[in-house]
Amino acid sequence: MSESDKPIEALLQEERVFTPPVECEKSANIRDRAVYEQAKKDPEAFWSNAAESLEWFKKWDQVLDWKPPLAKWFIGGKINVSVNCLDRHVRSWRRNKAAFIWEGEKGEERVLTFGDLFREVNKFSNAMKKLGVVKGDRVTIYMPMIPELPIALLACARIGAPHSVVFGGFSAESLRDRINDADSKLVITADGSYRRGQIVPLKQNVDAAIEGCACVEKVVVVKRIGESASINFDEKRDVWWHDVVESAPKYCEPEPMDSEDPLFILYTSGTTAKPKGILHTTGGYLLGASLTHKWVFDVKEEDVYWCSADIGWVTGHSYIVYGPLANGTTGILYEGSPDWPDKDRWWGMVEKYGVNIFYTAPTAIRAVMKWGEAYPEKHDLSSLRLLGTVGEPINPEAWMWYHEKIGKGRCPIVDTWWQTETGSIMISPLPGLTSTKPGSATFPLPGIDADVVDEAGKTVPLGGGGYLVIKSPWPSMARTIYGNAERYEETYWKRFGNNVYFAGDGCKRDKDGYFWLLGRVDDVMNISGHRLSTMEVESALVDHQQVAEAAVIGKQDDVKGEAIAAFVTLKEGINGSPEKIDELKKHVAQKIGPIARPESIYFTAELPKTRSGKIMRRLLRDIAEGRALGDTTTLADASVVNQLKNQYEED
């Protein structure tokens with residue numbers, strides 16, 4: 001049965017439509033629909049014109065060389081990312097404009113202007129050169145959310161050393177795999193970081209990792225924790241950040257980079273397979289990140305913008321560092337958790353700094369919903385004028401809560417779909433043009449040729465579902481998997497032919513042409529021959545007024561092929577019971593149909609999540625099918641999954 005046969009009408013017949021606020025329509029950066037037609041009529045002219053917004057040492061000779069599945073953009077063009085993020089701003093009044101407002105978990109504050117950032121990036125660029133790093137060398141970065149993290153990225157970009165940022169929640173073993181795969185000469189880390197009042201031993205993890213890394217010559221260490229970090233310091237290998245920058249010159253000549261030179265490698269978090277090192281190049285990536293940041297978030301010169309992601313993920317690369325800085329935007333950089341020391345930390349910061357634009361994950365929104373609206377109501381959120389979501393499809397009810405309780409009904413919501421591999425946002429509302437529907441990412445952005453196809457690769461009519469694909473190249477697309485071009489082509493370009501990118505996500509378009517993302521294809525269950533997405537069952541559960549969050553998986557069943565198992569977190573004050581289980585099963589059957597009725601429901605105070613907020617459904621499948629648990633090192637709280645496993649086995 002094809003994806004188009006999935007019985008998802010109960011979820012997707014969304015009648016609520018929200019038109020752009022009048023003020024947004026009048027002042028939006030993009031408020032003329034002609035931009036869609038211009039991009040469609042002559043894509044190369046469209047992207048060439050857009051690239052004029054960047055500063056180039058030398059303009060390109062050719063816009064695009066497309067030999068499916070390999071693309072090259074702005075061929076012959078010479079550019080430097082750090083120049084676009086810093087130099088061109090410090091030549092103007094923006095030199096004294098705040099680039100980052102940083103707040104540490106313990107409440108420390110630091111403001112870096114574009115001038116400050118320029119100075120620190122130049123000094124660290126020279127420091128890396130003195131340590132022997134040259135153009136083309138890979139640098140692994142394993143750091144907390146402190147100002148030195150974006151400084152390190154920009155310094156790598158300045159000297160032409162591709163960076164590989166590894167999220168600070170990864171284990172020493174995972175870090176070792178990524179260092180070795182990239183063959184990194186230098187590792188940049190900190191003595192530790194803070195997480196909910198506890199110290200995360202980053203330097204200890206680095207020490208353990210590089211025992212098996214012959215490629216590493218030096219380790220630069222930022223002093224974040226101090227004496228209580230209790231680290232080992234190898235005098236021959238390790239150097240302190242503050243020591244190497246102290247005597248470094250204050251200016252470093254930027255390296256003229258070819259548009260197609262590598263900018264960074266970012267490893268997708270795999271399950272059992274070897275992590276994929278997604279490689280992004282310079283010119284096209286920067287254009288995608290900066291253009292979409294300006295368009296989707298409708299960023300204005302005076303805005304204070306906050307993306308709550310970690311820079312260890314692609315969202316942080318594109319929408320904390322490169323996109324915002326290229327646009328001269330003031331951004332919030334926050335080290336801590338949304339619930340430390342209390343569950344109103346985010347909202348206190350929105351009020352404190354007058355945040356205008358807030359971009360976060362649906363998982364975080366559902367967590368805030370669970371804690372209750374009293375926390376955001378303690379604070380003045382009137383500075384907010386636009387809200388965004390990223391990372392996974394958002395349930396309509398979570399969308400509505402975000403709209404009403406955080407945006408107070410006046411902030412447009414941009415629900416964005418994109419991937420590590422796409423480099424920048426692909427499907428999203430334009431806040432001054434697009435009427436939104438709760439739960440839908442709406443339409444592809446100008447210049448993005450997205451489609452929904454069936455098993456044979458044929459376009460599915462409106463009202464049908466299938467596989468999300470991209471049918472034309474775009475500038476910020478990944479160029480390869482580092483060191484494994486064959487795997488890149490096999491993973492993304494073989495399913496429907498070499499000229500069609502297979503995103504790996506299920507999708508439906510409603511009768512109005514709105515795109516509804518259904519999550520990963522491997523998150524689709526086959527229940528007695530019927531294809532059900534985990535997202536639609538989760539949405540039906542969350543639709544129940546007493547459910548805060550739900551994760552659904554398919555477990556093997558001798559009769560049905562797969563049976564639905566649901567892990568449910570109830571709202572505070574609500575207790576689980578056999579009667580509640582029956583009530584929720586009936587609720588799902590009523591919302592979707594009897595075929596979607598869960599076989600089993602388990603109540604849990606917490607769901608197993610990574611530190612970036614993604615639910616680890618893979619571990620839930622391990623639990624449900626009685627397998628040994630896979631890697632749990634990326635979990636925010638590993639005890640959650642062990643408690644669930646014990647509970648499941650008892651039942």
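Thr 442 is placed in the loop that runs between β20 (413–415) and β21 (450–453). The structure described here is a predicted model. With a relative accessible area of 0%, Thr 442 is buried, because a residue counts as buried when this value is under 20%. Setting aside residues up to four places away in sequence, the contacts of Thr 442 include Ile 427, Ser 428 and Pro 429, then Thr 434, Ser 435 and Thr 436, and also Gly 513, Tyr 514 and Phe 515.

In sequence, 207 residues separate Gly 277 from Asn 484, yet the C-alpha atoms of the two are 8.7 Å apart in space.

Strand β15 is part of an open sheet of eight strands, in which the order is β12-β11-β8-β6-β7-β14-β15-β23 and the pairing is mixed. The edges are formed by β12 (238–240) and β23 (480–481); each has a single partner strand, and therefore one side of each is left without a neighbour in the sheet. Within the sheet, β6 (residues 139–142) and β8 (residues 186–190) run parallel and are joined by four bridges. In this pair of strands, Val 139 stands opposite Leu 186 of β8.

The nonpolar cores were considered next. The largest nonpolar core holds 135 residues, and the members that touch the most others are Leu 117, Phe 124, Ile 141, Ile 188, Phe 297 and Tyr 322. Helix α7 (residues 148–159) provides the largest share of this core, namely nine residues. Beyond its neighbours within four places in sequence, Leu 117 is in contact with Leu 86, Ala 99, Phe 100, Leu 112, Ile 151, Leu 154 and Leu 325. Another core, of 31 residues, lies apart from the largest one and has Trp 306, Trp 347, Leu 384 and Met 400 among its members.

Four cavities of 30 Å³ or more were counted. Eleven of the lining residues of the largest cavity are nonpolar and four are polar, while no charged residue is present. Helix α11 supplies the largest share of this lining, five residues.

Helix α11 also takes part in the lining of the second largest pocket, to which it gives the most, with four residues. This pocket has a volume of about 460 Å³. Of the 23 residues that line the second largest pocket, Ser 53, Ser 290, Leu 291, Lys 294 and Asn 327 lie nearest its centre. At least two lining residues come from each of α3 (34–41), α4 (43–51), α5 (81–90) and α11 (283–296). By class, nine residues of the lining of the second largest pocket are nonpolar, eight are polar and six are charged.

How values were computed
Residues are numbered from 1 along each chain as its sequence is written. This is a predicted model: local features need pLDDT of at least 70, side-chain atom pairs count only at pLDDT 80 or more; totals for chains, interfaces and linings use all residues. Side-chain values use heavy atoms; hydrogens and water are left out. Buried means under 20% relative accessible area, exposed over 50%, partly exposed in between (1.4 Å probe, protein chains only). Contact means heavy atoms within 4.5 Å. On a 1 Å grid over the protein atoms alone, a cavity is a set of points where a 1.4 Å probe fits but cannot get out, and a pocket is an open set with protein on both sides within 12 Å along at least five of seven lines; lining residues have an atom within 4 Å of a point. Grid points are joined across faces, edges and corners, and a volume is the space filled by probe spheres set on the points. Ala, Val, Leu, Ile, Met, Phe, Trp, Tyr, Cys and Pro count as nonpolar, Asp, Glu, Lys and Arg as charged, and the others, Gly among them, as polar. A nonpolar core is a set of buried Ala, Val, Leu, Ile, Met, Phe, Trp, Tyr and Cys residues joined through side-chain atoms within 4.5 Å. Two strands pair if DSSP finds at least two bridges between them.
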